[in-house]
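Please read it alongside the sequence and the model.

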Amino acid sequence: MGRGFFRLLFATSLLLILLDVCWGSTIGICYGRNADDLPTPDKAAQLVQLHNIKYVRIYDSNIQVLKAFANTGVELMVGVPNSDLLAFSQFQSNADTWLKNSILPYYPATKITYITVGAEVTESSSNFSAQVVPAMRNVLTALKKVGLSKKIKLSSTHSLGVLSRSFPPSAGAFNSSHASFLKPLLEYLAENQSPFMVDIYPYYAYRDSPSNGTLDYALFEASSEVIDPNTGLLYTNMLDAQIDAIYYALMALNFKTIKVMVTETGWPSKGSPKETAATPDNAQTYNTNLIRHVINDTGTPAKPGERLDVYIFSLFNENRKPGLESERNWGLFYPDQTSVYNLDFTGKGSVDMTTGTNVTSSNGTTTTTTTWCIASSKASELDLQNALDWACGPGNVDCRAIQPSQPCFEPDNTVAHASFAFNTYYQQNGATDIACSFGGTGIKVDKNPSYDNCIYMTTGSNKTVSSNTTAISSTSSSTRNGVQAWIFSCLLVTLMSFLSAETR
C-alpha cells in the first residue's frame, strides 16, 4: 500500500509538471468602454476574433459584452467594480445573486476564466482595501456552490504604486501602509493558486522621471543593460525590471509561489504637448516588442522561462477618460475599428521597418544601400562571447545555423559565429545603428558576408522586415512546441505506466 501511495503521488507530480510544460505565455487585450462613440459589443467581439486575440479583460460583467463573446473561444476576465465591493463583502447573498444573474446565464458559452474583485484599490481615495478580501471570499464561496471554484480564478488588480521601492528590482518592497490589506490578500492568493495582478506602465515611469531610464530602455530597444547591483542580473527593458520588483517584494514576505500577471500595460499614441513620447511610432514599437518578448517565453531575469500573461491596454481609444490627452489615446483601434497603427498579435507577422541606409546621390536621387552587421575582429574574445550569448539568449536570435553540422558552423570561431548572430538580430530589429552596437563589438558593412551555404539575412531589397523574428518566432515557437509535445508524450507514457502498475 505504501508503494502504491508513492507511485500515485509521483504520478500526480508528473501530471502537474506535464500541464505546466504545455502552458505558455499569453497576450490579451483590455476592452475598456469609457467612451460614447464605440462600436457595439458584437462588432468589438468580431474585431477581436479578426485579429486572432484569444484573451480579453473587461472591467465589469456587462450582459451585452458577455453575450457578444459567447461561442467565440475567447477567454474573458470579468470584473467586480470597486463600487460593488461593500455589498459583496457584507452579505454572501449579494455575491450569490450576482453570480446567478450576471455570470451563470452566459457560462460556459462565454468562456470566463478570471474574475477581478476590485481594481487598483490602493489608488482610490475611498477605503475599498478592507473590503477586497471579504468580497473575494464571498465570491469564492458562491463559485464553490455551483462547482466553478477550480475553473474560474479570483484576484484583484493593483498599480505599481503598491510598491514603496521598485529599483533595483531586488530591493522591491510593498508599501508598509498597505500591510493590513496585503497580508490577507496574499494569503488568499497563495492558498488558491491565484496570480498577483498588476498594471504596469513603463510609459509613465519614463514620462514622469526620464532621468531614471532612457526611452529605448522603456521601449525594449536598449542597446545596453541595466545591472541590478545586488544580484548582478542584467535588464534590457523596464517592464522586466518592474515585474521582478513585484516578485522580490513577494519573496520578501515569503510568498514564493504566487505568480505575477500583468493585467494592463501599453503605450499611448498621442499626448499633450509636453508628452513628447506619446506617438504612434513609440506605441507601435512598445507593443510590438512587448508581444514578441512575451510569446518567446523568455520570462524575466529573476524568473527565466516563467509563464507571463500580459494584457495590452486598450482595444479602443476612449474619449470620455479624464486627464491629459494621452489618457484618451491608448487604443489600438479607433471607434470606427480602423487601426491606430499596425500591430500583429501573433508576433510573427510583417512589420514595416526601414532596413537600409538612405543615400542621396549627386543628382539628387535617393537610393537605399543594404548593410549587414558583423563582429569586430578587434573585439576581445570575452566581449564577443558575452554578446553572442546575449544575442542567442535574451536577444531571441535563432542560432541553430551556427551549431555543429549546420551551414554556418565553419569556420568554428567566435568571430564567425557572432557575426552571423549579430546580423540576424540587426536585420530583425530594423537595421538601426543601435541594433548593431553589441557593446561596441558589432560593426556595419556594405559587403555581403554570406559564403558557401551560409546565407546572411538581408531585407534591404524590399525595405521591410518580414516578421521581426518571424524567422525566429516561427522557428523557435515550432521548436518549443515540438519539445513540449515530446515532453508531454514522455510524461504521459510515464504517468500511464505508473497508473497501470498501480492497478495490477
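In this predicted model, eight strands close into a barrel with parallel pairing, in the order S1-S2-S3-S4-S5-S8-S11-S12. From one strand to the next, the twist averages 30 degrees. The structure also holds three disulfides.

**Barrel and packing**

- Strand S8 (residues 196-199) pairs with strand S11 (residues 260-265) in the parallel sense, over four bridges.
- Phenylalanine 196 stands opposite valine 260 in S11.
- Helix H6 (residues 129-145) packs on the sheet, where it touches strand S4 (111-119) and strand S5 (153-159). The direction of H6 makes about 155 degrees with that of S5.

**Disulfide pattern**

- Counting bonded cysteines along the chain, the disulfides follow the pattern 1-5, 2-3, 4-6.

**Cysteine 373 and cysteine 436**

- The sulfur atoms of cysteine 373 and cysteine 436 are 2.1 Å apart and form a disulfide.
- This link of cysteine 373 and cysteine 436 is right-handed, with 90 degrees about the S-S bond.
- The pair links distant parts of the chain, 63 residues apart. Cysteine 373 lies in strand S15 (residues 372-375), while cysteine 436 is in the loop between helix H13 (414-428) and strand S16 (442-445).
- Cysteine 373 counts as buried because its relative accessibility is 0%, and cysteine 436 counts as buried at 3%; the cut-off for buried is under 20%.

**Cysteine 392 and cysteine 399**

- Cysteine 392 is joined to cysteine 399 by a disulfide, S to S 1.9 Å.
- The link of cysteine 392 and cysteine 399 is left-handed, with -90 degrees about the S-S bond.
- Cysteine 392 is partly exposed, with a relative accessible area of 31%, whereas cysteine 399 counts as buried at 9% relative accessibility.

**Cysteine 408 and cysteine 454**

- A disulfide (S to S 1.9 Å) joins cysteine 408 and cysteine 454.
- The torsion about the S-S bond of cysteine 408 and cysteine 454 is about 105 degrees, so this disulfide is right-handed.
- The pair links distant parts of the chain, 46 residues apart. Cysteine 408 is in the loop between helix H12 (381-392) and H13, and cysteine 454 is in the loop between S16 and helix H14 (470-503).
- Cysteine 408 is buried, with a relative accessible area of 3%, and cysteine 454 is buried, with 0%.

**Cysteine 30**

- Cysteine 30 has a relative accessible area of 0% and is therefore buried.

Technical notes
Residues are numbered from 1 along each chain as its sequence is written. This is a predicted model: local features need pLDDT of at least 70, side-chain atom pairs count only at pLDDT 80 or more; totals for chains, interfaces and linings use all residues. Side-chain values use heavy atoms; hydrogens and water are left out. Two strands pair if DSSP finds at least two bridges between them. Helices (H or I, at least four residues) and strands (E, at least two) are DSSP runs, numbered from the N terminus. Axes are lines fitted to C-alpha atoms, for helices over the stretch in contact, and angles run from 0 to 180 degrees between N-to-C directions. Contact means heavy atoms within 4.5 Å. A disulfide is a pair of cysteine sulfur atoms within 2.5 Å. Buried means under 20% relative accessible area, exposed over 50%, partly exposed in between (1.4 Å probe, protein chains only).
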